[in-house]
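Hi everyone, thanks for coming. Let me put one structure up on the screen and talk you through a few parts of it.

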Amino acid sequence: MTSDEIRETFLSFFEQRGHRRLPSASLVPAAFDPSVLLTTAGMHPLKPYFLGQEAPPAPRLTSCQKVFRTPDIDIVGTTTRHLTFFEMLGNFSMGDYFKQGAVEFAWDLSLNGFGFDPEQIWITVFEGDDELGLGPDEEAISAWEAVGVPRERIVLCPRSENFWQAGPIGPCGPCSELYYDRGLDWGAPDDLPGGENERFLEYWNLVFMQFNQDPVNDLTPLPAQNIDTGLGLNRMAVIQQGTDTVFETDQFLPLVQLGEELSGRTYGESFEVDRALRILADHTRGMTFLVADGVVPSNEDRGYVLRRIMRRAIQQGRSLGIEGTFLPRFSERVTELMGAAYPELHEQRESIDKWLRAEEESFGRTLEQGTRMLSDIVARARENGEEGVGADDLFRLHDTFGFPFDLSRELLAQEGLGSDEEGFETLMAEQRERSRSGSGGKRPGGLAGFESLFGTGASLAPTRFTGYDTLEQGT
Ligand code: ATP
Ligand code: MG
Ligand code: MG
Ligand code: MG
């Protein structure tokens, strides 16, 4: 099954069962939702319905939503299953069916739509939590037993894994996940789903939205019990296409191959090369979709997320030996692969090309200089027998040369050296204070700010954006 077929199989399955098909919303959340920088789950655009603030267009909905997960940026390429940008398929019930109904649909589609062997499916459910005052989710266990899942393949998991919350406030509830057992080639006989092992591939999360977490009353029951599910299209592609990782599936292999072509390296050659080729494939896809939805590189908020993946991709490309401007080559291929399902890629082609080219041209110079400086710093640290690099060096790289802290930290870690993050943050705070008193606190935005960053160096160097990583979780 191709990725396009997976998408259609899912959406038509639910359409045939009374769900209204909704188009994907933008990666940029609507103005009413300041809790997230980027859409990280299919339920985000539907939040007002879940909260009972607006009437849903129908009680049963289904969608394929574009999502982007900032917290996963660092692990892309090191696991078989994590991407930054991906498509999340979902079915939603607004006060209509609840646990039993959601479980029956998921089971039926897994077996009859996607052709799974029932013995390869494992289930996790919420084990309860004292602080929340909740016991194990017996209702979910019974629902799974009712469709025929033996109790041995239902595993209890803690709040950290199986209680879903979009942030400190908002709708939430216990969840139940479906895992595909990839067999003993991928792990040990006593491995269980819900951990970090790769034997069990999580492909679908069913969230039973029962509560609203509010700052005053803690957990209060929602006006109606809702279902929110998320199935990762690319993980289903791994299972359907029998590949080891998401990067060999049909949406990714052509991008990995472009990386091979441009660098003369071979996928499978070494862990470092594979990781770099995977990061390139993932990040170029992500940046293409972000720009198509109107995000432009900047030093703040979602513009910084975009800039961060652009710079990481540029650095990885250079480390593979790719010369010249290459980001636009990748975005063209992304558009070839995904443009039929996402016409905005065609519509925004010029803008995508322009922003990718601009960032690559300006950061290319910064990167060369910064990398040279960083290797001097590494050599010095080694000579002095130090275990890490101090805040002054890191700040100078960032502030004077525009070399991002995230990148320094990552490259230093590869050399086995630590970074004084706390000291760096202190220097950053001091600098913010200085620029606030000097300029009224507002940095120039848009293209003007972007150009002056590289024209003047000093005070407009990129601000490292933190704080949203923990917020951005979702189905
Ligand atoms: P994991 O434990 O593997 O990190 P998760 O529990 O964080 O996944 P959920 O928040 O439950 O994922 O998201 C719903 C579904 O979206 C997952 O079951 C999975 O199929 C898919 N998914 C989640 N994160 C990613 C990612 N980074 N890349 C690709 N697919 C993902
Ligand atoms: Mg995750
Ligand atoms: Mg998980
Ligand atoms: Mg999950």
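The shell around ligand 1 draws at least two residues from each of β3 (85-94), β8 (200-214), β9 (218-232) and α6 (233-241); helices (H or I, at least four residues) and strands (E, at least two) are DSSP runs, numbered from the N terminus. This is a predicted model, where local features need pLDDT of at least 70, side-chain atom pairs count only at pLDDT 80 or more, and totals for chains, interfaces and linings use all residues. Residues are numbered from 1 along each chain as its sequence is written, while chains are lettered from A and ligands numbered from 1 in the order in which they are written.

Back to the ligand. β8 gives the largest share of the shell, four residues. Among the 18 residues around ligand 1, those that come nearest are His82, Leu83, Asn205, Gly230 and Gly232; near here is a C-beta atom, placed from the backbone, within 6 Å.

Now, Tyr203. Beyond its neighbours within four places in sequence, Tyr203 is in contact with Leu178, Tyr180, Leu231, Gly232, Arg235, Met236 and Ile239, contact being C-beta atoms, placed from the backbone, within 7 Å.

On to helix α3, residues 99-113. Its 15 residues, at 1.5 Å a residue, should span 21 Å, and the end C-alpha atoms are 20 Å apart, which agrees; the expected span is 1.5 Å times one less than the number of residues. After α3 comes Gly115, with a positive phi, near 70°.

Technical notes:
Two residues are in contact if their C-beta atoms, placed from the backbone, lie within 7 Å.
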